[in-house]
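User: I'm new to this one and would like to learn how to read it. Could you walk me through a few features?
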Amino acid sequence: MGYIIGIDHGNKAIKSIVNQYNSGFTVSNTMPITKERLLVFEGKYYSISGERFPVMVDKTVNDNFFILSLPAIAEVLEKKYQGVKKGEIILACGLPIMYYGKQKDKFREYFIRDDVSFTFGGKQYGVSIKDAYVYPQGYAAIMPHFTHYKDVSRLNVVDIGGYTIDVFTVEKGLLNIKSCISLTTGIVTLLNSIKQEILSLGIEIHEEQIEDTILGENISFFQNENIKALIEDKTQIYVEELLDRLKEYGFEMKINPTIFVGGGSLLLQKHIENSPKIGYVEVLDSFANVKGFELLAKQAISRDR
């Protein structure tokens with residue numbers, strides 16, 4: 001059996017069990033000034049974790065997400081598998097529910113490659129990706145918590161990603177297929193709307209500054225503290241409109257427990273928990289999908305033995 005490595009390929013961030021970074025890189029044919037988070041692959045230099053790429057619905061149309069997977073593989077081999085540099089890899093990954101049925105086979109085949117050599121962090125790696133198990137995002141995230149919620153009559157699950165928001169119910173441990181919906185109003189739409197509104201004031205702001213403000217971190221905008229209020233107002237409206245929309249789709253959140261998953265949920269946690277439109281809520285950590293991918297892959301491999 002190869003080394004099982006879970007990777008969550010988000011449009012906003014790449015996550016493994018040991019780290020996360022923006023879904024973007026800067027590529028060059030010559031050695032860049034800094035070697036920090038530098039990937040060398042097939043003769044090119046990739047500075048990882050710059051500005052994220054624009055949203056991609058089909059992540060297999062180019063090699064970007066394959067290349068973005070390599071630092072995650074290196075970091076997991078280094079930190080989880082005690083510095084392994086060579087070996088066979090089994091990837092465990094996922095897709096939004098909206099695209100799962102149509103894209104899962106293509107997504108699996110995209111990653112399977114032999115003899116992949118690369119350097120990351122100054123260390124040389126040589127791996128063969130022998131298989132890739134693909135699971136529905138959100139559903140995978142709750143698998144490590146299955147025992148806790150298996151007897152709940154109706155559990156809402158909301159996975160807020162960069163591009164999509166996947167929502168479904170689990171009823172006494174069973175996924176209700178008919179309840180599954182995906183909305184293309186993930187956290188990137190909120191960030192973009194805030195950027196555009198602030199840009200209309202003649203001010204350019206970066207996503208990281210918006211996120212830090214939403215999280216309540218102590219940052220300042222010189223002579224423009226009202227920007228904080230604008231960001232807070234837009235975020236509050238986004239959360240309330242999302243909950244209203246989910247109510248319209250039949251997701252009752254006042255009397256049924258709701259699990260929120262994904263980086264977007266963590267960013268909005270304060271606003272979600274303070275909303276009067278929702279009763280019991282649990283927000284899982286940002287690695288919940290990755291943990292679920294790995295758990296399901298281990299179970300599948302054990303069954304196949």
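User: Let's start with open space. How much space lies in the largest pocket?

Analyst: Keep in mind that this is a predicted model. The general idea goes like this: rolling a probe the size of a water molecule over the atoms shows where empty space is left. Here, the largest pocket holds about 690 Å³ of space.

User: Which residues lie nearest the centre of the largest pocket?

Analyst: Those are K12, A13, K15, Q20 and G263, out of 38 residues that line the pocket. Several elements give two or more residues to this lining, among them strand 3 (13-15), strand 4 (20-22) and helix 2 (97-111). Helix 8 (263-267) is on that list too, and the largest share, four residues, comes from helix 8.

User: How do the lining residues of the largest pocket divide into nonpolar, polar and charged?

Analyst: You get 13 nonpolar, 16 polar and nine charged residues.

User: What about the second largest pocket: what is its volume?

Analyst: About 190 Å³. Its lining includes I165, T185, L190, K234, Y238 and R245. Two elements give two or more residues to that lining, helix 5 (187-199) and helix 7. The largest share, six residues, comes from helix 7. By type, the lining has five nonpolar, three polar and three charged residues.

User: Helix 7 again! At what angle do helix 6 and helix 7 pack?

Analyst: To read a helix pair, look at the angle and the distance between the axes. Helix 6 (residues 207-214) and helix 7 (residues 226-248) pack at about 75°, and their axes are 10 Å apart. That angle is why helix 6 counts as roughly perpendicular to helix 7.

User: Which residues meet where helix 6 packs on helix 7?

Analyst: From helix 6 come I210, T213 and I214, and they meet K228, I231, E232 and T235 of helix 7. That contact is made up of three nonpolar, two polar and two charged residues. Helix 6 also turns up among the elements that give two or more residues to the lining of the largest pocket.

User: Now a single residue. Where does D58 lie?

Analyst: For one residue, find its place along the chain, then check its partners. D58 sits in the loop between strand 7 (44-48) and helix 1 (64-79). Its side chain makes a polar contact with the side chain of T60 at 2.7 Å. The D58 side chain also makes a polar contact with the side chain of K106, at 2.7 Å.

User: Leaving aside neighbours within four places in sequence, what is D58 in contact with?

Analyst: Q103 and K106.

Key
Residues are numbered from 1 along each chain as its sequence is written. This is a predicted model: local features need pLDDT of at least 70, side-chain atom pairs count only at pLDDT 80 or more; totals for chains, interfaces and linings use all residues. Side-chain values use heavy atoms; hydrogens and water are left out. Axes are lines fitted to C-alpha atoms, for helices over the stretch in contact, and angles run from 0 to 180 degrees between N-to-C directions. Angles under 35 degrees count as roughly parallel, over 145 as roughly antiparallel, 65 to 115 as roughly perpendicular and the rest as oblique. Contact means heavy atoms within 4.5 Å. Ala, Val, Leu, Ile, Met, Phe, Trp, Tyr, Cys and Pro count as nonpolar, Asp, Glu, Lys and Arg as charged, and the others, Gly among them, as polar. On a 1 Å grid over the protein atoms alone, a cavity is a set of points where a 1.4 Å probe fits but cannot get out, and a pocket is an open set with protein on both sides within 12 Å along at least five of seven lines; lining residues have an atom within 4 Å of a point. Grid points are joined across faces, edges and corners, and a volume is the space filled by probe spheres set on the points. A polar contact is a pair of N or O atoms within 3.5 Å; within protein, one must be able to donate a hydrogen and the other to accept it, and residues adjacent in sequence count only if both atoms are side-chain atoms.
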